[in-house]
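Let us take a friendly walk through a protein model together. Please keep the picture open beside you as you read.

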Amino acid sequence: MKLKKELGLFDVFAISTGSMFSSGFFLLPGLAAQYTGPSVILAYFLSGLLIMPAMFSIAEISTALPRSGGAYFFLDRSLGPMMGTIGGIGTFIALLLKTAFALVGIGAYASIFWNIPIKETAVVFALAFAVLNIFGTSKSSSIQKVLVVGLLVVLGAFIVDGFWNIFSDTNASIGFNKSNYTPFFTGGFHGLIFTTGFVFVSYLGLTKIASVAEEIKNPERNIPLGMGLSLLVTGLIYVLGVFVMVTIMGNEALSKDLSPVATAAQQLFSWLPAKTGLYIIVIAALFAFASTGNAGLLATSRYPLAMGRDKLFSKKFSKISRWGTPVPAIILTASLIILCIIVLTEEGIVKLASSFQLFIFMAINFAVIVFRKSKIASYDPGYHSPLYPWMQIFGIISSLALMLYMGWAAIAFTLITIILAYLWYMFFVRSKVKREGAIYHWFALLGKHQHDELENEFMMILREKGLRQNDPFNQTIVRSQVHFIDNAKFEDLVQNVANSIAKELNVDRTSLNEEFLKTTPIEPALVIPEVSLLYAKKLDINHPVLHIVLCKKGIEKPVEKHGKINKEKIKIFFFLVNDENNPKQQLRMLSSLIDIAERDHFIKDILSLKIAREVTEYLLHDKQYISFPLTKGEPSNIFINKKLMEVKLPQDVLVVFVDRDNTSFAPKGQTVLLENDVLTIVGEPKSINKLYDQFIIQT
């Protein structure tokens, strides 16, 4: 059972942003200031810059492979199960630590006003968020959006009021004092770099969205856009908010304060009744920690889900409930978070989580290089990282440098985690998993072994993603040529179709014929009984070309399986030619043809059709087309004897096909429409439904 795709762009932004505003803003500025002084502002800025390579890399891989599991899935499919196990277990632990820290923050800030135990309160919230996540991602995400909106409003007010008081001279006790910034680097260069790594954990929520990529609608747009907007908004609030804290409090007071935002707020919001500003900030802090805790539990629970699917954990964790959520994985995650809350301290959690995450970011940046070098045809990201490979190389080097500055305790934790995960792989995983990563496809260029099943898996993912908005699939179907034949030899059929397409495209017929006959690595993913998809690529053609051959008796085609050549009877052939400069588009269009061929009763239905237009309409039968005759006395009468350009139609539809006197053609703007013409129109479903109501239901 698959996870439901329920998350849109704002959900992506809310999960990512909500995962960052907690400890990073409400607790860490005070802890970080003791290492570098007022330059803590610069440390937050540098951390935001240094996470960008990882963000770009994760966005690229997530749009190519939108699957639960985030870093685990990426590393497993790129570097193999061993690195996947290390990355999955390590990232799972790092996210557990960060989520536990956020939930402890709820108790800490709530205890400012209420006499309640901190850790017990955190445990209660962990249980509450677990229940919320069990009953549905959309419900959890709805709460997340409310929390994030409220949080951004309050933090925006804090920054605006802070700047007003600092620079307007309306509050004599607050103003920009240069002494608060002298010295700017209290710990020198070493202190600044250490602090940059220390506050790096503040931005880790940015990448949590990869863990729920499988549940995101239109991931190729929503993932990179949502992550980019989240980083921009979060970075601005961090830098401007910490500037307000440093200016109002001074470095000495700031470095000793574990709730600096609350302290600064007591000197702001003078236009409100006494302590109202403090109450607002405490409520915002509770929103922030709750948002991070909820998003953290949501994202972290997808790691055991993905690892259970791949036999790295027990298969029990891969089960999806009737609510569309991984209940066993959520229960495991919540239990471990509660354990972390009870056992660990706050500052140690931050260092450990940051250090291991830097290691993971190094591996993910390398994974992008591996995927691209592997030349796997079905690796088809909707977003490509800029400045490849220099962006990834910079990300690897900068992450390594920050790790070294984090100190031996953090490095030791990373090494111990790697060793334990490796032992888990050796004794529990290796005997169960017969899978290799994309790196073996890179090695294959040097004559080494590759794992063909990986291409099939990527092809299945590509099929699930479907076409992109600018893919000319409908137009290609409309322009396709349909051939009805009684019998033929397979080789003769391929040669005849190749000759016809070669003449249409003005390309070499011999090479086209050879390409149609060539077996490709992804063919096992395209096999459907009695259906064959043959495809080729030619340089600089204007548009894809599709020929469809229907033969009720069937044509024997040689098929190679496991090194043996057998013959199968094929009744439907698709011949597709795409531009060589856009090979990924060809795979997406092939995938859509497969989806059509997998319809119930496809063979029977399509072979029962008599004319080319009926075949075209059947293939387009997905609520994105409409076909109707122009008849006097009917609503369609308004088209008769008019030029196509004079007819008023919705902007997002196109008349692509006119059937007249048993011949079909693609009309132009000057084409005069005649009585008894049959129009075929493609477009957006909403507009097609309007045309259906207007010209068919009333007919």
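The paragraphs below go from the whole protein to some of its parts.

This is a predicted model, in which local features need pLDDT of at least 70 and side-chain atom pairs count only at pLDDT 80 or more, while totals for chains, interfaces and linings use all residues. Residues are numbered from 1 along each chain as its sequence is written, and side-chain values use heavy atoms, with hydrogens and water left out.

Start with the whole protein. There are 28 helices and 8 strands; these are DSSP runs numbered from the N terminus, with helices being H or I runs of at least four residues and strands being E runs of at least two. Of the 699 residues, 57% are buried. Here buried means under 20% relative accessible area, exposed means over 50%, and partly exposed lies in between, using a 1.4 Å probe and protein chains only. The accessible surface comes to about 29,800 Å², and 60% of that belongs to carbon and sulfur atoms. Such areas come from the Shrake-Rupley method with a 1.4 Å probe, and for residues only the protein chains shown count as cover. Now think about contacts, meaning heavy atoms within 4.5 Å. Among contacts between residues at least 6 apart in sequence, 80% join residues at least 24 apart.

Next, find helix H11, residues 219-249. How far apart are its end C-alpha atoms? They are 43 Å apart, which agrees with the 45 Å that its 31 residues should span at 1.5 Å a residue. The expected span is 1.5 Å times one less than the number of residues. Of the 31 residues of H11, 23 are buried, so the helix is mostly covered. Just after H11 comes Gly-250, with a positive phi of about 80°.

Helix H10 (188-198) is another one to look at. Because 8 of its 11 residues are buried, H10 is largely enclosed by the rest of the structure. Among those buried residues are Leu-192, Ile-193, Phe-194 and Phe-198.

The loop between H10 and H11 is worth a stop too. Ser-202 sits in this loop and is buried, with a relative accessible area of 0%. Leaving aside neighbours within four places in sequence, Ser-202 is in contact with Met-20, Gly-24, Leu-28, Tyr-44 and Tyr-238. Two of these names, Tyr-44 and Tyr-238, come back in an aromatic cluster that also includes Phe-25, Phe-26, Phe-158 and Tyr-203. In the loop between H10 and H11 you also find Asn-218, which has a positive phi of about 45° although it is not a glycine. Asn-218 is partly exposed, with a relative accessible area of 45%.

Now for the aromatic rings. The structure holds 24 aromatic pairs. Rings of Phe, Tyr and Trp (its six-membered ring) pair if their centres lie within 6.5 Å; planes under 30 degrees apart count as stacked, over 60 as edge-to-face and the rest as tilted. Why is the pair of Phe-200 and Phe-361 edge-to-face? The ring centres are 5.8 Å apart and the planes lie at 65°, so the pair falls in that class. This pair links distant parts of the chain, 161 residues apart: Phe-200 is in the loop between H10 and H11, and Phe-361 is in helix H17 (residues 346-374). Phe-200 is buried at 1% relative accessible area, and Phe-361 is buried at 1%.

Helix H9 (residues 137-167) holds Asp-161. Is Asp-161 buried or exposed? Asp-161 is buried, with a relative accessible area of 8%. Not counting residues up to four places away in sequence, Asp-161 touches Leu-268, Phe-269 and Trp-271.

The bond from Thr-182 to Pro-183 is cis, with omega near -5°, and Pro-183 lies in the loop between H9 and H10. The bond from Tyr-388 to Pro-389 is cis, with omega near 0°, and Pro-389 is in the loop between H17 and helix H18 (390-405).

Finally, come to the surface. Met-82, Ile-416, Ile-419, Leu-420, Tyr-422, Leu-423 and Phe-427 form a nonpolar patch with about 710 Å² of accessible area together. Patches are made of residues with over 30% relative accessible area and no salt bridge; like charges are joined within 9 Å, and nonpolar side chains (Val, Leu, Ile, Met, Phe, Trp, Tyr) within 5 Å. A salt bridge is a side-chain nitrogen of Lys or Arg within 4 Å of a carboxyl oxygen of Asp or Glu. Helix H19 (residues 408-429) gives the most to the patch, with 6 residues. Met-82 is found in helix H7 (residues 81-110), and at 33% relative accessibility Met-82 counts as partly exposed.
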